[in-house]
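Here's a quick briefing for anyone meeting this structure for the first time. Take a look at it first, and then we'll walk through a few of its parts.

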Amino acid sequence: MGSEIIVIPAIFIALPWIIFHYITQWKRAGSLTSEDENLLDELHELSRRLDDRLCTIERIMTAENPNWRSVACDPASIGIADESVRRIG
Amino acid sequence: MSPPRRTKFYLDKHNAKWSGVCAGIADYTGIDVTVVRIGTVAAVLLGSGTPILIYLAAAWLAPRKPIELYEQRPEDTKFWQGVRANPKRTTRDVRSRFRELDRRLADVETYVTSSNGRLSREIENLR
(Lines give C-alpha, C1' and ligand atoms only; values in the text may rest on other atoms or scores of the structure.)
Protein backbone atom coordinates (compact mmCIF):
# COMPACT_ATOMS: atom_id res chain seq x y z
CA MET A 1 0.00 0.00 0.00
CA GLY A 2 2.74 2.42 0.98
CA SER A 3 4.76 1.97 -2.23
CA GLU A 4 1.75 2.83 -4.46
CA ILE A 5 1.76 6.37 -3.06
CA ILE A 6 5.18 6.83 -4.62
CA VAL A 7 4.86 4.70 -7.76
CA ILE A 8 1.54 5.98 -9.15
CA PRO A 9 2.45 9.71 -9.06
CA ALA A 10 5.87 8.77 -10.46
CA ILE A 11 4.27 7.15 -13.52
CA PHE A 12 1.36 9.55 -14.07
CA ILE A 13 3.00 12.87 -13.15
CA ALA A 14 6.77 12.59 -13.26
CA LEU A 15 7.01 10.54 -16.47
CA PRO A 16 4.78 12.81 -18.62
CA TRP A 17 6.52 15.80 -17.04
CA ILE A 18 9.91 14.53 -18.17
CA ILE A 19 8.60 13.65 -21.64
CA PHE A 20 6.98 17.06 -22.18
CA HIS A 21 10.08 18.78 -20.83
CA TYR A 22 12.16 17.13 -23.56
CA ILE A 23 9.49 17.74 -26.22
CA THR A 24 9.59 21.48 -25.50
CA GLN A 25 13.39 21.37 -25.60
CA TRP A 26 13.30 19.66 -28.99
CA LYS A 27 10.80 22.23 -30.25
CA ARG A 28 13.10 25.04 -29.17
CA ALA A 29 16.02 23.37 -30.98
CA GLY A 30 13.75 22.79 -33.98
CA SER A 31 12.95 26.51 -34.16
CA LEU A 32 16.09 26.81 -36.27
CA THR A 33 14.59 27.51 -39.70
CA SER A 34 15.79 26.02 -42.94
CA GLU A 35 17.55 29.28 -43.87
CA ASP A 36 19.30 29.47 -40.49
CA GLU A 37 20.46 25.94 -40.99
CA ASN A 38 21.87 26.62 -44.46
CA LEU A 39 23.53 29.80 -43.21
CA LEU A 40 25.14 27.98 -40.32
CA ASP A 41 26.28 25.21 -42.65
CA GLU A 42 27.83 27.75 -45.01
CA LEU A 43 29.62 29.62 -42.21
CA HIS A 44 30.92 26.36 -40.74
CA GLU A 45 32.26 25.31 -44.15
CA LEU A 46 33.72 28.78 -44.79
CA SER A 47 35.53 28.89 -41.46
CA ARG A 48 36.99 25.47 -42.15
CA ARG A 49 38.27 26.55 -45.58
CA LEU A 50 39.70 29.82 -44.26
CA ASP A 51 41.42 27.90 -41.50
CA ASP A 52 42.99 25.57 -44.09
CA ARG A 53 44.20 28.50 -46.18
CA LEU A 54 45.62 30.36 -43.22
CA CYS A 55 47.44 27.21 -42.11
CA THR A 56 49.04 26.99 -45.55
CA ILE A 57 50.12 30.64 -45.40
CA GLU A 58 51.51 30.20 -41.90
CA ARG A 59 53.43 27.10 -43.00
CA ILE A 60 54.98 28.97 -45.94
CA MET A 61 55.95 31.88 -43.70
CA THR A 62 57.48 29.53 -41.14
CA ALA A 63 59.52 27.95 -43.93
CA GLU A 64 60.76 31.38 -45.03
CA ASN A 65 61.41 32.75 -41.57
CA PRO A 66 60.92 30.39 -38.61
CA ASN A 67 60.53 33.20 -36.07
CA TRP A 68 58.15 35.41 -38.03
CA ARG A 69 55.68 35.36 -35.16
CA SER A 70 58.05 37.22 -32.86
CA VAL A 71 58.76 39.66 -35.70
CA ALA A 72 55.06 40.27 -36.05
CA CYS A 73 54.81 40.96 -32.32
CA ASP A 74 57.79 43.31 -32.12
CA PRO A 75 59.42 44.19 -35.48
CA ALA A 76 62.14 46.40 -34.03
CA SER A 77 63.62 43.73 -31.76
CA ILE A 78 64.82 41.55 -34.64
CA GLY A 79 66.41 44.29 -36.68
CA ILE A 80 64.81 43.33 -39.99
CA ALA A 81 62.29 46.10 -39.73
CA ASP A 82 64.98 48.70 -39.00
CA GLU A 83 66.97 47.60 -42.01
CA SER A 84 64.04 47.86 -44.37
CA VAL A 85 63.05 51.24 -42.94
CA ARG A 86 66.60 52.49 -43.45
CA ARG A 87 66.61 51.28 -47.05
CA ILE A 88 63.41 53.06 -47.81
CA GLY A 89 64.41 56.20 -45.98
CA MET B 1 15.26 19.65 -54.48
CA SER B 2 16.30 21.33 -51.26
CA PRO B 3 19.09 19.76 -49.17
CA PRO B 4 17.90 17.49 -46.34
CA ARG B 5 17.28 19.09 -42.95
CA ARG B 6 19.96 18.31 -40.41
CA THR B 7 18.04 19.23 -37.29
CA LYS B 8 15.38 16.53 -37.67
CA PHE B 9 15.10 13.13 -36.11
CA TYR B 10 15.63 10.27 -38.55
CA LEU B 11 15.64 6.49 -38.35
CA ASP B 12 19.19 5.32 -38.91
CA LYS B 13 18.57 2.20 -40.99
CA HIS B 14 22.25 1.56 -41.77
CA ASN B 15 23.20 1.10 -38.11
CA ALA B 16 19.86 -0.40 -37.05
CA LYS B 17 19.45 -3.49 -34.91
CA TRP B 18 15.75 -3.69 -35.56
CA SER B 19 14.04 -0.54 -36.86
CA GLY B 20 16.72 2.12 -36.32
CA VAL B 21 15.07 4.14 -33.55
CA CYS B 22 17.91 3.66 -31.04
CA ALA B 23 20.55 4.22 -33.72
CA GLY B 24 18.62 7.34 -34.77
CA ILE B 25 18.57 8.65 -31.19
CA ALA B 26 22.29 7.95 -30.89
CA ASP B 27 22.96 9.76 -34.18
CA TYR B 28 20.73 12.68 -33.17
CA THR B 29 22.22 13.23 -29.73
CA GLY B 30 25.76 11.86 -30.06
CA ILE B 31 25.23 9.43 -27.16
CA ASP B 32 26.81 6.00 -27.72
CA VAL B 33 24.31 3.67 -29.39
CA THR B 34 24.89 0.86 -26.86
CA VAL B 35 24.00 3.19 -23.99
CA VAL B 36 20.79 4.21 -25.81
CA ARG B 37 19.85 0.55 -26.38
CA ILE B 38 20.49 -0.40 -22.76
CA GLY B 39 18.45 2.62 -21.67
CA THR B 40 15.60 1.59 -23.98
CA VAL B 41 15.58 -1.98 -22.68
CA ALA B 42 15.63 -0.68 -19.11
CA ALA B 43 12.75 1.70 -19.88
CA VAL B 44 10.74 -1.12 -21.48
CA LEU B 45 11.30 -3.34 -18.42
CA LEU B 46 10.42 -0.59 -15.94
CA GLY B 47 7.83 1.38 -17.90
CA SER B 48 4.77 -0.91 -18.08
CA GLY B 49 4.22 -0.80 -21.84
CA THR B 50 4.38 2.97 -22.51
CA PRO B 51 8.01 2.90 -23.80
CA ILE B 52 7.05 0.14 -26.25
CA LEU B 53 4.24 2.35 -27.61
CA ILE B 54 6.61 5.32 -27.88
CA TYR B 55 9.16 3.12 -29.66
CA LEU B 56 6.60 1.81 -32.15
CA ALA B 57 5.23 5.32 -32.76
CA ALA B 58 8.75 6.60 -33.45
CA ALA B 59 9.52 3.67 -35.76
CA TRP B 60 6.28 4.30 -37.65
CA LEU B 61 6.28 8.12 -37.80
CA ALA B 62 9.91 9.15 -38.19
CA PRO B 63 11.34 9.34 -41.73
CA ARG B 64 14.41 7.42 -42.81
CA LYS B 65 17.73 9.22 -42.75
CA PRO B 66 18.42 10.62 -46.27
CA ILE B 67 21.33 9.02 -48.07
CA GLU B 68 23.21 12.37 -48.33
CA LEU B 69 23.53 12.56 -44.55
CA TYR B 70 25.44 9.27 -44.45
CA GLU B 71 28.17 10.83 -46.59
CA GLN B 72 29.09 13.71 -44.31
CA ARG B 73 32.43 13.89 -42.55
CA PRO B 74 32.66 12.75 -38.91
CA GLU B 75 33.47 16.30 -37.72
CA ASP B 76 30.36 17.58 -39.51
CA THR B 77 28.28 14.91 -37.78
CA LYS B 78 29.68 16.14 -34.47
CA PHE B 79 29.02 19.77 -35.44
CA TRP B 80 25.35 19.10 -36.23
CA GLN B 81 24.92 17.11 -33.01
CA GLY B 82 26.12 20.26 -31.27
CA VAL B 83 23.64 22.36 -33.25
CA ARG B 84 20.76 20.07 -32.30
CA ALA B 85 21.75 20.09 -28.63
CA ASN B 86 22.30 23.86 -28.40
CA PRO B 87 22.16 26.09 -31.51
CA LYS B 88 23.13 29.22 -29.57
CA ARG B 89 26.34 27.73 -28.26
CA THR B 90 27.28 26.46 -31.73
CA THR B 91 26.71 29.91 -33.21
CA ARG B 92 28.99 31.38 -30.55
CA ASP B 93 31.60 28.72 -31.37
CA VAL B 94 31.50 29.61 -35.06
CA ARG B 95 31.85 33.30 -34.23
CA SER B 96 34.84 32.62 -31.98
CA ARG B 97 36.43 30.61 -34.80
CA PHE B 98 36.11 33.61 -37.10
CA ARG B 99 37.64 35.85 -34.43
CA GLU B 100 40.55 33.43 -34.08
CA LEU B 101 41.03 33.53 -37.86
CA ASP B 102 40.96 37.33 -37.75
CA ARG B 103 43.62 37.39 -35.05
CA ARG B 104 45.92 35.00 -36.90
CA LEU B 105 45.47 36.89 -40.15
CA ALA B 106 46.32 40.12 -38.32
CA ASP B 107 49.62 38.55 -37.20
CA VAL B 108 50.41 37.61 -40.80
CA GLU B 109 49.50 41.09 -41.98
CA THR B 110 51.68 42.75 -39.34
CA TYR B 111 54.64 40.62 -40.35
CA VAL B 112 54.18 41.14 -44.08
CA THR B 113 53.71 44.89 -43.87
CA SER B 114 56.36 45.63 -41.24
CA SER B 115 59.32 43.48 -42.21
CA ASN B 116 59.01 42.01 -45.65
CA GLY B 117 62.30 42.55 -47.41
CA ARG B 118 60.83 41.80 -50.78
CA LEU B 119 58.18 44.45 -50.34
CA SER B 120 60.76 47.09 -49.44
CA ARG B 121 62.89 46.03 -52.42
CA GLU B 122 59.90 46.52 -54.68
CA ILE B 123 59.39 49.98 -53.24
CA GLU B 124 63.12 50.67 -53.69
CA ASN B 125 62.87 49.70 -57.36
CA LEU B 126 60.05 52.14 -57.88
CA ARG B 127 62.12 55.09 -56.68
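Which residues are buried in H1(B)? They are Val21(B), Cys22(B), Ala23(B), Gly24(B), Ile25(B), Asp27(B) and Tyr28(B), where buried means that 20 or more other C-beta atoms lie within 10 Å of a residue's own, exposed means 12 or fewer, partly exposed is in between, and C-beta atoms are placed from the backbone.

Before going on, keep in mind that this is a predicted model: local features need pLDDT of at least 70, side-chain atom pairs count only at pLDDT 80 or more, and totals for chains, interfaces and linings use all residues. Residues are numbered from 1 along each chain as its sequence is written, while chains are lettered from A and ligands numbered from 1 in the order in which they are written.

**Chain A at a glance**
- Chain A has five helices and zero strands; these are DSSP runs numbered from the N terminus (helices are H or I with at least four residues, strands are E with at least two).
- Starting at the N terminus, its elements go α-α-α-α-α.

**Helix H1 of chain B**
- H1(B) covers residues 21–29, and seven of its nine residues are buried, so the rest of the structure largely encloses it.
- Helix H2 (33–46), helix H3 (50–61) and H4 of chain B are among what covers those buried residues.
- After H1(B) comes Gly30(B), with a positive phi near 90°.

- Just past H2(B), Ser48(B) has a positive phi of about 50°.
- The axes of H2(B) and H3(B) come within 7 Å and cross at roughly 130°.
- Thr40(B), Ala43(B) and Val44(B) of H2(B) meet Pro51(B), Ile52(B) and Tyr55(B) of H3(B); contact means C-beta atoms, placed from the backbone, within 7 Å.
- Sorted by type, the residues of this contact are five nonpolar, one polar and no charged.

**Ala85 in helix H4 of chain B**
- Ala85(B) sits in helix H4 (residues 74–85) of chain B.
- With 14 other C-beta atoms within 10 Å, Ala85(B) is partly exposed.
- Thr7(B) is 78 residues away from Ala85(B) along the chain, yet their C-alpha atoms are separated by 9.5 Å.

How values were computed
Two residues are in contact if their C-beta atoms, placed from the backbone, lie within 7 Å. Axes are lines fitted to C-alpha atoms, for helices over the stretch in contact, and angles run from 0 to 180 degrees between N-to-C directions. Ala, Val, Leu, Ile, Met, Phe, Trp, Tyr, Cys and Pro count as nonpolar, Asp, Glu, Lys and Arg as charged, and the others, Gly among them, as polar.
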